[in-house]
Amino acid sequence: MGLTVASALVVAVTALVHYNNIGDREVVLFNGMLVADKLGYLFSALAAFAVAIVALIAGPHQRTHAWENGEFFGILLLSSTGIIMLAHAGDLMTIFLGIETLSIAVYVLTALRKKSARGNEAAMKYFLMGAFATGILVYGMALLYGAAGTTNLAAMAERLVATPNLPLTVAGAFLVVIAFGFKIAAVPFHMWAPDAYEGAPTPVTAFMAAAVKAAAVVAMIRVFGTALGGEVLPFGTLGWASPLVIMAALTMTAGNLAALKQNNIKRLLAYSSISHAGVILVGVTAMAWARPRRFRRWFYVMAYGLTTLGAFAVVAYIGSKDRERLLLDDWAGLATSHPGAALAMTICMLSLGGIPPTAGFMGKFQIFKSAMEVYDGQLLWLVILGILNSAVSIYYYLKVVTAMYFKPVAQPVGELHAPSQAFVIALCAVLVMAMGLLPSFWMGL
């Protein structure tokens, strides 16, 4: 665990140094297969930081729940290479390699609790749906290659404008939209997420909810923002934005409605992550932003990732070997026995619900503000729907807070000895509040 955390932090610091030094330049590497720019280095730093956080959560969780596997940390590092490859991708082939490297590693991580029937079921569902999505992604990429005659993203953008081949381009773009919809668990391609989240070990669930979703988002930005128009053709004749708008509306609404009746905290957070995928799609759709304001959408991704990691860290912290405490009734009276963990969980719930002054509020505000700036108010209805969904989501997030503070203790949680998990919980809670109270500092990085 220690070596994984140390190496991840070294990568994160190195990426941040390059992020500060590269300015607005884009350096093309390996004949355009990779691109070194601020976006790539920022996501590389975020991925490495997430790996360090997950490793700190996983060490005590493995010992407590008796699934110690040394290979876990190696596979975790392998998955981070897939995320970094996606962050710097300049070619469809690099996108594919990055997604497969990440996906195969996460399939294995999900199945590492070999004696858990629920874990094996989760891994099988995740693998089958992932393989199906991969097939669709390859088919879509093949059609885009047929339309442009190249797999390089920058060259593809130029050729599609010069010699458009609309039937192949539209078909390829729609298939790629569907494939990425599977990866971020967007409706109607989300059914695998609740079972996979519930069955996977909690640290792996945290990684899936935060890092994997962020990786899929950066891949979408690379493909749609560079090759298929991006800022030039946000609603252009290629038509890729239209399915994303519908998908964003369905994802926000269906995720929230399904979360309302959940009493299992991991399934509740799974449906919550589905609804947040809808909010992220709102940001992806509103790609008509000026370059200096791009950090706004990354602010939301970073805020959501930190908040989710903090929430799952609390879930991992209070669970014991024979009792994972996944039902909301298990959380009754937690504020009495462990006020620090209850406070951190409250901050995370308020942030996920978009309540000020947390990072989640500022992230949603920036996403919806950018969507409102889209030409001719075309996304105004989507912004209103997103605000209504945020109001609905507050109900189920407050169910967790109510259980911790206002319900009598049913079965008290004993003493907990996991200093690394306690550190992660405190760190995430502090950062979530810092991003909410000082948003201009983080956006000015």
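A residue is called buried at under 20% relative accessible area, exposed at over 50% and partly exposed in between, with a 1.4 Å probe and protein chains only. By this rule Tyr396 and Tyr397 are both buried. The model is predicted, so local features need pLDDT of at least 70 and side-chain atom pairs count only at pLDDT 80 or more, while totals for chains, interfaces and linings use all residues. Residues are numbered from 1 along each chain as its sequence is written, and side-chain values use heavy atoms, with hydrogens and water left out.

Aromatic contacts were examined next. Rings of Phe, Tyr and Trp (its six-membered ring) pair if their centres lie within 6.5 Å; planes under 30 degrees apart count as stacked, over 60 as edge-to-face and the rest as tilted. The count comes to 11 aromatic pairs. The ring centres of Phe361 and Phe365 are 6.4 Å apart and the planes lie at 25°, so this pair is stacked. Both residues belong to helix 15 (residues 359-372), where a spacing of 4 residues separates them by about one helical turn. Helices (H or I, at least four residues) are DSSP runs, numbered from the N terminus. Phe361 is partly exposed because its relative accessible area is 30%, and Phe365, at 40%, is also partly exposed. For Tyr396 and Tyr397 the centres are 4.6 Å apart and the planes at 50°, so the pair is tilted. One aromatic cluster is formed by Tyr107, Tyr126, Phe127, Trp192 and Tyr197.

Charged side chains were then considered. A salt bridge is a side-chain nitrogen of Lys or Arg within 4 Å of a carboxyl oxygen of Asp or Glu, and the structure holds 8 of them. Lys125 meets Glu121 in a salt bridge (3.1 Å, N to O); the two residues lie 4 apart in helix 5 (residues 117-148), about one turn of the helix. Lys125 also forms a salt bridge with Asp195, with the closest N and O atoms 2.5 Å apart. Lys125 lies in helix 5 and Asp195 in helix 8 (residues 192-199), so this pair ties together parts that are 70 residues apart in sequence. A further salt bridge joins Asp195 and Arg267 (3.0 Å, N to O). That pair links distant parts of the chain, as Arg267 lies in helix 11 (residues 265-285), 72 residues from Asp195. Arg267 counts as buried because its relative accessibility is 19%. Through shared partners, salt bridges join Arg118, Glu121, Lys125, Asp195, Glu198 and Arg267 into one network.
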